[in-house]
Amino acid sequence: MSGKAHLEAKLAAVAEAGMPGAKGRALRGDSHAALMAAVLREIDTLVLPRTLTIDAAGGRRIRCEVTGRRLLRVYGDAGGAHQALEGRDLDGGDPALAGELGAYFEAAFGEARALHARVGPLEREVGPADPGISASALADAWGLALAGPAGADGAVIDSYLAELGEATQAWRLIGGEESASAGESEALDRLDGVEADALLPPGDGAAMTALSLAEGGDTVIAARADGMTLLAALAPGSAARAAGLWRRVTG
Amino acid sequence: MTAMEELVALRKRADGVETAAFVDHASGTVLCASAAIDPPQERLDAFCAQAAELLGSAGGKAEMALRLTSLETLLIFRAPASPDEALCLVAAPGADVAALEAEGRATAAALAR
């Protein structure tokens, strides 16, 4: 490798390491719908042009080109009847597109309950000629609360998760019998040891509880509204900010 | 200052604290309490239960718990030098959480000395 190529590779690695999700995030769901909600949440966090590479156990992979919270193109292993979608410029104005994409993801990940997502640079210019389809449009078409399991009215919790933004290391959404989760693997593992119901008061009213943990100062929150519960690991010292945001979204 | 004096001073400094209680959540004992209106014993007992439940969650690693409901703001601080003891603060739903957290941490440290 020449000196210039070596330097370019180094710079690319550094740039990629600086991107949210560059090291990879685990996505988990109790059902295909819950898992797709987690995938849409990942797309909904990407504002700048990025490649979102999603892998399932067994080697199945879909690479998504994303910008402005919109899915521009997909490439992957769905194969068969879905090959027509590969590399095509996606346009949310096409009424059949959401259904086709739904079938495309189901063909690739229908049996999966855990995925690994990694964000990288997008190696091509994108602009107005790339209309794409928004994560929220896909969520509407697929009958999902953007971040939540199917069938739950997640408006308050969804807004709250969006407000928490990059302070969120990992999250789990629980609606009825289903749950979906995403985040850094270590943070997700920490959430496995926390029971959301134990943190919240009895009943089904809106409530939020934050814990500041002694080790590392991490913050764990549980929040409940409209039949959906959020459990999340946040950056250290986030309890007061999380409380302020909760008041904002619950009015 | 005595523990009771610490609680009274905290309620004077921190705007909106309706009740401040210092509890031993391991034994379920309220060590002392200061309140705008004396709470019933059941309410004081509930502080012990809530402190035990919240500080005992997440593997018992929590040092502070904050709970917001439509009725109140509840903060519980583990006493740094005495892990079975905790300071519980109850304030109105719209209370300044950041200010209460700072006051509560300082008072919890003072109570455990």
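I count a residue as buried if 20 or more other C-beta atoms lie within 10 Å of its own, with C-beta atoms placed from the backbone. By that rule, 45% of the 251 residues of chain A are buried.

I note that this is a predicted model, in which local features need pLDDT of at least 70, side-chain atom pairs count only at pLDDT 80 or more, and totals for chains, interfaces and linings use all residues. Residues are numbered from 1 along each chain as its sequence is written, and chains are lettered from A and ligands numbered from 1 in the order in which they are written.

I looked up the confidence next. The model scores ipTM 0.93 and pTM 0.70. For chain B the mean pLDDT (the predictor's confidence in each residue, from 0 to 100) is 92, and 99% of the residues score at least 70.

I then turned to the elements of chain A, which has 8 helices and 11 strands (DSSP runs, H or I of at least four residues for helices and E of at least two for strands, numbered from the N terminus).

I examined one helix pair. Helix H5 (residues 155-164) of chain A packs against helix H8 (residues 239-250) of chain A at an angle of about 140 degrees, their axes 9 Å apart (axes are lines fitted to C-alpha atoms over the stretch in contact, and angles run from 0 to 180 degrees between N-to-C directions). H5(A) is therefore oblique to H8(A) (under 35 degrees is roughly parallel, over 145 roughly antiparallel, 65 to 115 roughly perpendicular and the rest oblique).

I listed the contacts (C-beta atoms, placed from the backbone, within 7 Å): Val156(A), Ser159(A), Tyr160(A), Glu163(A) and Leu164(A) in H5(A) meet Ala242(A), Leu245(A), Trp246(A), Arg248(A), Val249(A) and Thr250(A) in H8(A).

Definitions and conventions:
Contact = placed C-beta atoms within 7 Å. Buried ≥ 20, exposed ≤ 12 C-beta atoms within 10 Å, placed from the backbone.
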